[in-house]
Amino acid sequence: MPAIDRARVAAALPRYALGEQLGSGSFGLVLAGRHLDLDRAVAVKVLPIDDPANGPALDAAFRAEARLLSRLDHPHIVRIYEYIGQDEFCLLIMELLGGGTLAQHRLPAASACAVGLALADALGHAHAHGVLHRDIKPDNILFSVAGQPKLTDFGIGRVFVDTSASTSHLAGTPRYMAPEQITGKHLGPAVDQYALGVVLYELLAGRPPFHSGLPVPELLRHHLEEAPPALLGVPTPVADAVMRALAKAPADRHPDVGAFGAALADAAAVAYGPDWLSLTGLIVRLQGAKDGQQPRQQPDSEGHVFRPATAQLDTPPTYLTVPPPSEPAVAWAASTDQRTRPQEATDVSAGFTTAAGTGAAGTGLGEPSGPTGLEASRAEDSHPFAGTPFADRRFGLARLRRRPALLALAASLVVVAVAVTGVVLATAEGKPTAGAAVVVTSPTASQVTGGGVSGPIAIPTQFSGWAAGAGGVLYFSDKASSRIFRRGPDGKVSVLAGTGIRGSSGDGGPATAAMLNGPTGLALGPKGDLYVLDGDRVRRIATSGKITTVAGGGSDSGPSPTGPVPATSASLGFLFEDIAVDTNGDVYFADTSVLYKVDAAGTLTHVARVGGTDSVVTPLPGETDPDAGLTMLTNGYLGGLAVHDGRVYAADYPNNMIFVLNTDGSKSPVAGTGQKGYSGDGGLGTKASLNLSSLAPYKTSTLAFDSAGDLYITDAGNYRVRRVDIHGIITTVAGNGFGSYTDGQKAVTQPLYGPDRIALADDGSLLIENGTEIARVDASGNIATVQKL
């Protein structure tokens, strides 16, 4: 993806203030923003035009697509407010949602059916207006903070493909493609039904119908020829409804997506009870269902008022150059049900408010007399969005059996106390304490309440980054909940940093009371401090638990010289989600075009370019490029970062090579020939073939060093981990192809599903994220599972 100049985006949006980066993908970036006149929080999707010759066609296609999509008016489709076309990029101004993507949540079966029902209704609305989506996947399904699912990114992939000079691309994501989409036959609404079926299969089974580690040609062949495995453990009516949507022939699927939704609703009513939908707690608003297909009871939003794109940001991001007016959260009661509404706490990343503290554990509110129906299948404290800023909302019939108003008022006072003090945590004796991580003994489902944590929590399945500490400690970042977790050597999990409310406050205090802004990459310093890539800045958590900002957060957004500047004076953005710390404490990280170093004195220096020529921003007239003399370390996407004794190593993802930036600023190859393959073990790494194609761009922790200075490489496309020693000789240390390994066997003889990410422990053992588990390869070369995900 070419570099995007934030200043030029801002210049194209004079009536908007831009905020933090919310996400990135293969087609562009998403920024938070605010319309200054309407005081409306928005999401700004920036779609770069990498080929100027293709710009007019792409602009015209997007303009027509945006005009069509703006006519879609459905409660489960993200609203499009405005389209702006420029020479270098196109901008879509959309509704801003703060509940994360479906990919960031693990939902109970009934909640998965609720999402499927909502999306089927949304797709029926789109199909009635002649619009196909063609790229339904968890990343394109968003939630409001109140729990309302919405579909986004209609037509974006199709426009890029249709206007490309190449005809070898498919519009869509292979993991979710219908057979007729793969073969290029005439496409109709059935393609969206198939993709929705794949999404629901994943949610219900906990795995995709065909393993995502398969090479793309083999994955596509499975979609065309292989039947998905049966949905074991899923109620038969629900499984039948989903499996019919996955039929190879469109004529064998449900008659239309509305019929799919109706079949799903009927099946869920049989499996989970007639009021199943209301008990999920998700907000579902059906427009296309017929009277007989409407759920018996719409979900109770428990005091949340759905306010798309009109709610205030109580605490605006520091990026906003014109602070919008703030609105204090107000507790209020409705006369219709006599229930006290919860005090509201702000999710500053989204511009919405979400209840914090409703039915929090320990308050005595909402205790059921006994589990019934859907509640019997999951604990009362469970939440479809466990681990997110709105995971504190209660679900099930217990919400309707409140204690007297006096207890409700007491609960509100507890929430206010949390808001004032920043964090209230419970010790084993039940007494509140502040500033320390809460340790829980059972790593199962999480329950987040206000600024603290109560009840058992787990390592996030979709963790954003990790690092291995001393003595068997592991650290995990979770972008969705804006928290960092610590797993001790005994398996106990604790919250190390973050309150669950997104932001960047708390420097100088305990990390548990600080707000994090979507943490990703993690790295340990030589003194045991943990460095965190946190949104638009780098932060450090000392061994004492105190958090500080190391780089970013400043106001200097102009062109920076290659010479040193105070690191905290810089305004950073579009950061690559990996970070590395050298043996002397120097910190390295990158954005889409530049590799940075922060030294022990706190000065920031540009040390190299990354991303190839597409990442170079053409200077404005009268300006010069301050980085023109720097080495281009990678010619494609940066796929991983590591550093050892002043030398910086980088994975050149599309070119299947590893390069090193030497201390004199020059670059040298370390491994790979530039040709995709698997060869060369026992010889020089520069003569060996690698296959990095399974490394998604911006993937973290794909390179790691041991104490001897040997470099470990995630050769994911070959389902192996390889090592280049200090003499430059490459060998395989784990994996021999695709599949499931057996504990206790030699790692080099066992297949792997990944590997996705790696880390080196202080005892020399290799840790591998391998699909649904973390594996350890000990000093003897034996592999075993140490943590299920």
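Helices (H or I, at least four residues) and strands (E, at least two) are DSSP runs, numbered from the N terminus. The structure is a predicted model, in which local features need pLDDT of at least 70 and side-chain atom pairs count only at pLDDT 80 or more, while totals for chains, interfaces and linings use all residues. Residues are numbered from 1 along each chain as its sequence is written, and side-chain values use heavy atoms, with hydrogens and water left out.

The protein chain comprises 11 helices and 39 strands. Of its 789 residues, 57% are buried (under 20% relative accessible area, with exposed over 50% and partly exposed in between; 1.4 Å probe, protein chains only). Among contacts (heavy atoms within 4.5 Å) with a separation of 6 or more, 55% are between residues 24 or more positions apart.

Helix α9 spans residues 257-272 and has 16 residues. The distance from its first C-alpha to its last is 22 Å, close to the 22 Å expected at 1.5 Å a residue (1.5 Å times one less than the number of residues). At the N-terminal end, α9 is capped by Asp 256, with a side-chain oxygen 3.0 Å from the backbone nitrogen of Gly 258. Just after α9, Gly 273 adopts a positive phi of about 105°. The buried residues of α9 include Val 257, Phe 260, Leu 264 and Tyr 272. Their cover includes α3 (109-128), α6 (190-205), α8 (236-245) and α10 (276-280).

Lys 45 is listed by UniProt under "binding site" in an unreviewed entry; such annotations may be inferred rather than shown by experiment. Lys 45 lies in strand β3 (residues 40-48) and is buried, with a relative accessible area of 10%.

Notes. Polar contact = N/O pair within 3.5 Å; in protein donor to acceptor, adjacent residues only side chain to side chain.
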